[in-house]
Amino acid sequence: MSLIITTYAPEGIILAGDSRLTLNWNQENNGINNNYSITASDSNNKVFQIKEKFGLATFGAADINGIPISGYINQFIEEKIKTDTEIDEIPQSLHEFFGDYLAKPETCFYLCGYKLENGISVPHIYFIDIHHSITTRLNYSGGQIQYGANWGGETEVMTRLLNDIKIHNGEEWTDVNATNIPFNFFTLQDAIDFSIYAVRTTIETFKFQQRIKTVGGPIDILAIKPNEVQWIRKKELSATNPI
């Protein structure tokens, strides 16, 4: 699993995610079915730049037929995305490529970018669920552009932090309402900071809990602005250990 977050502010969009690849399998021993999980890699690519125009991130099934999904994403970008492709054309292309060609894996995507509409660069943020054939535009409602954040994958930690809760006090329960976050006032730097906070807090929480550590490794961060796509943080190949 993963944690992918897209934070959309008036200045631009931030797409961020962790780098952990976890392998899970079942094995029967002496008639007992056991579940196993290991960290296979902390250098898995989940956030992608598309033609220096758009951002794409994935969570869910990390392999298709035993092959890491990143290879298929690179193939999709190379084969299906042209220099004049508009962002609102890409969700259907993703469904066709991963659905018809690759049998609808349990994989989801965030797709972010801008489209020129009546001479104005308009932000588009899509959530795409391949397995259930669902596409949702997240930042548009009631005829207006919305600002906020949306995350997928291991969402429990952030859900607990930012939603209303009840506290047990003796025999009574007290409502504690979550404080609103003014995303419409976020600068792009605020969006970066919030995205790092979401992924890092999830990683650190999992570190101390008795659970499978499915979020971890470096955090990749892509900034998408009307006329520019920029890596804020991107892991690179290196030789850190002596040969």
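**Notes on the predicted model**

1. Helix α4 spans residues 188–208 and lies across β1 (3–9), β2, β14, β17 and β18. Relative to β1, helix α4 runs at about 160°. Those strands deserve a point of their own.

2. What is the strand order in the open sheet? Five strands form it, in the order β14-β1-β2-β17-β18, and their pairing is antiparallel. The edges are taken by β14 (148–153) and β18 (228–233), each of which pairs on one side only. On average, and ignoring direction, neighbouring strands of this sheet are turned by 15° against each other.

3. Two pairs you can pick out by eye are G17 with its bridge partner D220 and L15 with its bridge partner L222.

4. β17 is also joined to β18 by five bridges, again with the strands running antiparallel. Here I224 stands opposite V229 in β18. The two strands form a hairpin, with two residues between them. Is β17 mostly covered or mostly open? It is mostly covered, as five of its six residues are buried.

5. The side chains of K225 and E228 meet at 3.3 Å, N to O. K225 has a relative accessible area of 24% and is partly exposed; E228, at 36%, also counts as partly exposed. Elsewhere, salt bridges that share partners join E156, R160 and R211 into one network.

6. A pair I would point you to is K46 and D18, whose side chains meet in a salt bridge (3.1 Å, N to O). This pair links distant parts of the chain: K46 is in the loop between β4 (32–41) and β5 (47–50), D18 is in the loop between β2 and β3 (21–29), and they are 28 residues apart. Are these two residues buried or exposed? K46 is buried, with a relative accessible area of 3%, and D18 at 1% counts as buried as well. Both assignments follow because buried means under 20% relative accessible area.

7. D88 and K115 give another example, their side chains meeting in a salt bridge at 2.6 Å, N to O. This pair, too, links distant parts of the chain. D88 sits in the loop between α1 (69–80) and α2 (90–100), while K115 is in strand β9 (residues 107–117), 27 residues apart. D88 has 33% relative accessibility and counts as partly exposed. How many salt bridges does the model hold? The count comes to nine.

8. Now the overall picture. The secondary structure of the protein comes to four helices and 18 strands. Its radius of gyration is 19 Å, close to the 18 Å that the globule rule gives for 243 residues, so the protein is as compact as a globular protein of that length. Along the principal axes, the C-alpha atoms fill a box of roughly 65 × 50 × 45 Å.

9. Finally, contacts and surface. Among contacts between residues at least 6 apart in sequence, 60% join residues at least 24 apart. Of the 243 residues, 41% are buried. The protein exposes about 13600 Å², and carbon and sulfur atoms supply 48% of that area.

Methods
Residues are numbered from 1 along each chain as its sequence is written. This is a predicted model: local features need pLDDT of at least 70, side-chain atom pairs count only at pLDDT 80 or more; totals for chains, interfaces and linings use all residues. Side-chain values use heavy atoms; hydrogens and water are left out. Two strands pair if DSSP finds at least two bridges between them. Axes are lines fitted to C-alpha atoms, for helices over the stretch in contact, and angles run from 0 to 180 degrees between N-to-C directions. Contact means heavy atoms within 4.5 Å. The radius of gyration is taken over C-alpha atoms; the globule rule is 2.2 Å times the number of residues to the power 0.38. Buried means under 20% relative accessible area, exposed over 50%, partly exposed in between (1.4 Å probe, protein chains only). Accessible areas come from the Shrake-Rupley method with a 1.4 Å probe; for residues, only the protein chains shown count as cover. A salt bridge is a side-chain nitrogen of Lys or Arg within 4 Å of a carboxyl oxygen of Asp or Glu.
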